[in-house]
Amino acid sequence: MNMKGSLPFLILHILSLSPSHGYGIAKEIKRRSGGSLAFAEGTIYPTLHDLEAQGLVVASEEEVRGRTRRYYQLTSDGQKALAREHAEWQQFSLGVSRILGEQA
């Protein structure tokens with residue numbers, strides 16, 4: 001299940017751990033979710049470009065084995081946005097859990 005709007009939050013979190021390229025981000029999301037969340041690179045890259053346009057991530061290019069690879073990392077605004085998104089996610093998931101009777 002892919003919750004609409006969750007991809008930017010997940011990307012920001014993965015990039016908070018270390019800079020990465022789009023393919024690496026997709027692999028890490030899939031690995032950390034035990035395979036339950038899988039986003040195609042065709043979804044990852046437009047989201048990365050949007051985050052870059054918003055100033056939440058910056059990109060740099062690096063040559064790896066003769067190929068240019070674009071790495072992304074969080075900006076300070078990206079770190080602030082991640083903190084806000086995380087707080088909102090916690091409130092949302094707590095509300096859903098309460099509705100489902102899983103928490104008081």
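Glu-52 has 26% relative accessibility, so it counts as partly exposed. Buried means under 20% relative accessible area, exposed over 50%, and partly exposed in between, with a 1.4 Å probe and protein chains only. The model is predicted: local features need pLDDT of at least 70, side-chain atom pairs count only at pLDDT 80 or more, and totals for chains, interfaces and linings use all residues. Residues are numbered from 1 along each chain as its sequence is written, and side-chain values use heavy atoms, leaving out hydrogens and water.

**Salt bridges**

Glu-52 forms a salt bridge with Arg-70, and their closest N and O atoms are 3.1 Å apart. This pair links distant parts of the chain: Glu-52 sits in helix α3 and Arg-70 in strand β2, 18 residues apart. A salt bridge here is a side-chain nitrogen of Lys or Arg within 4 Å of a carboxyl oxygen of Asp or Glu. Helices (H or I, at least four residues) and strands (E, at least two) are DSSP runs, numbered from the N terminus.

Arg-70 is partly exposed, with a relative accessible area of 32%. Arg-70 also forms a salt bridge with Glu-61. Glu-61 is exposed, at 57% relative accessible area.

How many salt bridges does a search of the whole structure find? The search finds four.

| Salt bridge | Distance, N to O |
|---|---|
| Glu-28 and Arg-31 | 2.7 Å |
| Arg-70 and Glu-52 | 3.1 Å |
| Arg-70 and Glu-61 | 3.4 Å |

Glu-28 and Arg-31 are three residues apart in helix α2, so about one helical turn separates them.

Helix α1 has twelve residues. From its first C-alpha to its last it reaches 17 Å, close to the 16 Å expected at 1.5 Å a residue. The expected span is 1.5 Å times one less than the number of residues. Ser-6, Leu-7, Phe-9, Ile-11, Leu-12, Ile-14 and Leu-15 are buried in α1. What do the buried residues of α1 pack against? They pack against α2 (22-32), α3 (41-53), β1, β2 and α4.

Pro-8 also lies in α1, which covers residues 6-17. Pro-8 counts as partly exposed, because its relative accessibility is 31%. Leaving out residues up to four places away in sequence, Pro-8 touches Thr-47 and Leu-51. Contact means heavy atoms within 4.5 Å. Pro-8 and Ala-59 are 51 residues apart in sequence, and their C-alpha atoms are 15 Å apart in space.

Thr-47 lies in helix α3. Is Thr-47 buried or exposed? Thr-47 counts as buried, because its relative accessibility is 13%.

**Aromatic rings**

A search of the whole structure finds two aromatic pairs. Phe-9 and Trp-89 form a tilted pair, 6.4 Å centre to centre with 35° between the planes. This pair links distant parts of the chain, with Phe-9 in helix α1 and Trp-89 in helix α4, 80 residues apart. Phe-9 is buried, at 11% relative accessible area. Trp-89 is partly exposed, at 36%.

Trp-89 and Phe-92 form a tilted pair as well, 5.6 Å centre to centre with 40° between the planes. Rings of Phe, Tyr and Trp (its six-membered ring) pair if their centres lie within 6.5 Å; planes under 30 degrees apart count as stacked, over 60 as edge-to-face and the rest as tilted. Trp-89 and Phe-92 are three residues apart in helix α4, so about one helical turn separates them. Phe-9, Trp-89 and Phe-92 form one aromatic cluster.

**A nonpolar patch**

Phe-92 lies in helix α4, residues 76-99. Phe-92 is partly exposed, because its relative accessible area is 43%. Trp-89, Phe-92, Val-96, Ile-99 and Leu-100 form a nonpolar patch on the surface. Together they have about 520 Å² of accessible area. Patches are made of residues with over 30% relative accessible area and no salt bridge; like charges are joined within 9 Å, and nonpolar side chains (Val, Leu, Ile, Met, Phe, Trp, Tyr) within 5 Å. Accessible areas come from the Shrake-Rupley method with a 1.4 Å probe, and for residues only the protein chains shown count as cover.

**A loop residue**

Where is Arg-65 found? Arg-65 is in the loop between β1 (57-64) and β2 (67-74). Arg-65 has a positive phi of about 50°, although it is not a glycine. Most residues other than glycine have a negative phi. Arg-65 counts as exposed, because its relative accessibility is 82%.
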